[in-house]
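Q: I am new to this structure and would like a short tour. Could we begin with the surface and then turn to the fold and the charged pairs?

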Amino acid sequence: MTRPPSQDDVQRLLYELCVDLGFCLPQEEHRRLREAPPADADGFTDAVFEAEGMDPGEDRRLRRQVRDVVVRHMRGWATLDRPEDD
């Protein structure tokens, strides 16, 4: 079973995209993605490009770089057992 990402999970992903790849999204887009992140890597990657005002298909190399970061973070979000808070 996988768990949905927390807002902190998404914030860490967005921070890395900003620092490492220059995708520093407007605050409103940060909020939107934290509150309702796309469920798959391609959807999240496209949402980042669109929030930046870019066409996701324009630069394949850059899209692949962004997607690689998204995939790495999403893999970390998937767990078999999520510890329950007591």
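This is a predicted model: local features need pLDDT of at least 70, side-chain atom pairs count only at pLDDT 80 or more; totals for chains, interfaces and linings use all residues.

Q: What share of the residues counts as buried?
A: Of the 86 residues in the protein chain, 35% count as buried.

Q: And how many helices and strands are there?
A: The protein chain has 4 helices and 0 strands. From the N terminus on, the order is α-α-α-α.

Q: Where is aspartate 55 found?
A: Aspartate 55 is in the loop between helix H3 (41–51) and helix H4 (60–77). Its relative accessible area is 44%, so aspartate 55 is partly exposed.

Q: New topic: how many salt bridges does the structure hold?
A: The structure holds 8 salt bridges. One of them joins the side chains of arginine 12 and aspartate 9, at 2.7 Å from N to O.

Q: Where do arginine 12 and aspartate 9 lie?
A: Both lie in helix H1 (residues 7–21), 3 residues apart, which is about one turn of the helix.

Q: Is aspartate 9 buried or exposed?
A: Aspartate 9 is buried, because its relative accessible area is 8%, under the 20% cut-off. Arginine 12, at 47% relative accessibility, counts as partly exposed.

Q: Which residue does arginine 31 pair with?
A: Arginine 31 forms a salt bridge with glutamate 35, and the closest N and O atoms are 2.6 Å apart. The two residues are 4 residues apart in helix H2 (residues 27–35), so about one helical turn separates them. Arginine 31 is partly exposed, with a relative accessible area of 32%, and glutamate 35 is partly exposed as well, at 49%.

Q: What about arginine 63 and aspartate 46?
A: Their side chains meet in a salt bridge of 2.8 Å, N to O. Arginine 63 lies in helix H4 and aspartate 46 in helix H3, so this pair ties together parts that are 17 residues apart in sequence.

Methods:
Residues are numbered from 1 along each chain as its sequence is written. Side-chain values use heavy atoms; hydrogens and water are left out. Buried means under 20% relative accessible area, exposed over 50%, partly exposed in between (1.4 Å probe, protein chains only). A salt bridge is a side-chain nitrogen of Lys or Arg within 4 Å of a carboxyl oxygen of Asp or Glu.
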